[in-house]
Amino acid sequence: MQLHFSPSMRSITISSSGSGVHGNGGGDLMKIKVARHISYRTVFHSILILAFLLPFVFILTALVTLEGVNKCSSIDCLGRRLGPKLLGRNNDSGKLVKDFVKILNQVNSEKVPDTLKLPESFTQLLSEMKNNKYSSKEFVLILKGMMERSEREMRESKFAELMNKHFAASAVPKGIHCLSLRLTDEYSSNAHARKQLPSPELLPLLSDNSYHHFVLSTDNILAAAVVVTSAVQSSANPSKIVFHVITDKKTYAGMHSWFALHPSPPAIIEVKGVHQFDWLTRENIPVLEAVENHNAIRNYYHGNHIAGANLSDTTPRTFASKLQARSPKYISLLNHLRIYLPELFPNLDKVVFLDDDVVIQQDLSPLWDLDLNGKVNGAVETCKGEDEWVMSKRFRNYFNFSHPLIAKNLNPDECPWAYGMNVFDLREWRKTNIRDTYHAWIKENLKSNLTLWKLGTLPPALIAFRGHVHPIDPSWHMLGLGYQKNTNIEKLNKSAVIHYNGQSKPWLEIGFEHLRPFWTKSEGCYMDRVELGNNIGLYIRYFFV
């Protein structure tokens with residue numbers, strides 16, 4: 001069967017054969033004539049109208065697609081979305097959002113009633129919404145109350161975390177404490193632990209300026225061992241190294257025992273207690289004597305750190321800074337000793353002073369050839385980095401510029417520098433009044449009830465060394481490993497000295513696990529049996545190879 005349309009489209013013929021309309025194979029079954037009811041002019045006008053409307057429909061479709069209509073998977077869905085827009089109707093969802101925002105603005109200035117019972121969870125909120133017919137305003141008030149309660153709980157938890165971390169950072173781990181006690185006992189019972197450091201024939205080298213002299217002031221035996229060992233292992237010429245380890249009276253016996261029983265040849269190690277320096281008398285350090293013994297100051301550093309603090313107006317970061325500034329170590333004489341280096345070592349010309357929370361990764365001998373251009377202190381500046389915790393500091397971060405004495409004498413935009421690894425030219429230092437300036441500003445801070453600055457011993461040093469600092473390349477000294485775990489490992493590997501300044505020391509449980517191996521300097525800590533006198537064996541962790 002076939003359909004045949006006439007050229008004029010006025011008739012349709014249905015035949016039973018495929019050979020043609022007049023072929024021999026069959027005849028016509030039906031012939032239908034079609035009447036033409038639509039004129040060509042009508043069709044032409046219809047096409048013109050469609051040509052005019054289609055661009056607008058296309059543009060509207062594109063706009064709606066950008067708003068998310070492309071998520072529709074059918075023509076029916078698209079029609080439901082486009083229909084209201086084509087007919088000029090508004091979307092009801094937009095009106096609902098506007099109404100909800102209006103209610104939020106109204107409730108924003110209102111206080112949540114104390115009598116309002118707040119759900120304990122989102123599930124409970126949904127359940128109560130089903131059982132109670134809340135108005136929109138009551139619903140928003142409940143949401144506001146739940147959010148404010150959550151914010152208060154999070155702040156309280158954060159402050160509690162900071163306090164616990166502060167106490168953990170200030171405490172002495174049991175292992176280190178016991179190590180000190182056992183080594184102190186060895187000092188009294190083991191003659192090898194009491195042997196002279198260094199041996200008598202090496203004493204002249206303690207003041208020989210052809211050697212590289214390091215000074216380390218600490219009461220942490222394990223930390224001192226890591227600093228000394230890492231320096232010796234990283235040195236290109238360890239036989240030129242002389243270490244002057246200074247500790248307090250209570251730790252002296254244990255510190256001496258450690259280095260007597262565990263020397264680091266060929267380096268020379270001297271261990272002295274502050275009580276063995278004739279120059280360190282009350283007459284020479286009256287201000288620091290007052291700092292250690294003043295009751296109000298001791299209460300500030302050892303007392304209740306939350307009493308009197310308005311936590312509602314304090315951010316967690318500000319609170320953390322205040323806690324760090326109140327660390328008891330800041331009133332220890334050991335932490336102020338570096339200001340007396342020219343007097344403690346009168347025969348030395350240049351020294352490198354190291355904190356006990358550093359690790360040396362490269363040879364530091366080039367520091368003795370470093371030209372400080374007549375300056376006293378070679379240090380890394382801490383205002384030229386992206387790290388906001390450590391390397392983006394200014395004087396305003398350390399001093400209280402609302403105090404007229406600070407505002408008058410200091411510039412808030414001045415660039416500070418870091419303690420931890422400093423090259424000191426003692427010859428140039430002896431020509432200055434750095435020590436007297438340091439004492440004078442500590443006195444002013446005492447008179448001002450500790451309101452001139454927040455953080456420990458660095459602020460008075462920043463003032464005392466003004467004009468006497470020579471910036472050195474940051475690759476010599478990388479800071480911040482005790483502040484944050486997001487440390488650039490590539491830069492860390494390339495740094496000569498890495499510094500765990502901050503609360504998360506590597507020997508504490510709160511230390512960052514992925515940064516601790518750089519302190520241990522081994523693939524993994526291992527146990528080593530240290531034989532002490534009287535056949536006593538003490539198991540300790542060896543943190544170096």
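This is a predicted model: local features need pLDDT of at least 70, side-chain atom pairs count only at pLDDT 80 or more; totals for chains, interfaces and linings use all residues.
**Surface and overall make-up**

I then looked up the secondary structure, which comes to 19 helices and 15 strands. For contacts between residues at least 6 apart in sequence, I got 68% joining residues at least 24 apart.

I checked confidence next. The chain has a mean pLDDT of 79, and 70% of its residues reach 70 or more. Residues 18–23 have a pLDDT below 50, and the model gives this stretch 5 contacts beyond near neighbours in sequence. I saw pLDDT stay under 50 over residues 522–545 too, where the model has 57 contacts beyond four places in sequence.

**The disulfide**

How many disulfides does the structure hold? I found 1. C383 and C415 form it, with their sulfur atoms 1.9 Å apart. C383 sits in the loop between β9 and α14, while C415 sits in the loop between α14 and β10, so the pair ties together parts that are 32 residues apart in sequence. I worked out the handedness as well: the torsion about the S-S bond is about -100 degrees, so this disulfide is left-handed. Both C383 and C415 are buried. I also looked at another cysteine, C178, which counts as partly exposed because its relative accessibility is 33%, between the cut-offs of 20% and 50%.

**Helix α8**

I did a quick length check on α8, residues 249–261. At 1.5 Å a residue, its 13 residues should span 18 Å, and the end C-alpha atoms are 19 Å apart, which agrees. Is α8 mostly covered or mostly open? I found it mostly covered, with 10 of its 13 residues buried. Among the buried ones I jotted down Y252, M255, W258 and F259.

V358 is in strand β8, residues 358–360. I call V358 buried because its relative accessible area is 0%, and the cut-off is under 20%. Which residues does V358 touch, leaving out those up to four places away in sequence? I listed V227, G420, V497, I498 and H499. I also looked at Y500: it is 142 residues from V358 along the chain, yet their C-alpha atoms are separated by 6.1 Å.

**S504**

I moved on to S504, in the loop between β13 and α19. With a relative accessible area of 1%, S504 is buried. Its side chain reaches the backbone oxygen of I510 at 3.3 Å.

Background I kept in mind: most residues other than glycine have a negative phi, and most peptide bonds are trans. I found a cis peptide bond from L197 to P198, with omega near -15 degrees. P198 is in the loop between α6 and β4. I found another cis bond from P265 to P266, with omega near 5 degrees, and P266 lies in the loop between α8 and β6. Then there is N373, which has a positive phi of about 55 degrees although it is not a glycine. N373 is in the loop between β8 and β9. Is N373 buried or exposed? I have it down as exposed, at 51% relative accessibility.

Note on methods: Residues are numbered from 1 along each chain as its sequence is written. Side-chain values use heavy atoms; hydrogens and water are left out. Helices (H or I, at least four residues) and strands (E, at least two) are DSSP runs, numbered from the N terminus. Buried means under 20% relative accessible area, exposed over 50%, partly exposed in between (1.4 Å probe, protein chains only). A polar contact is a pair of N or O atoms within 3.5 Å; within protein, one must be able to donate a hydrogen and the other to accept it, and residues adjacent in sequence count only if both atoms are side-chain atoms. A disulfide is a pair of cysteine sulfur atoms within 2.5 Å. The expected span of a helix is 1.5 Å times one less than its number of residues. Contact means heavy atoms within 4.5 Å. pLDDT is the predictor's confidence in each residue, from 0 to 100.
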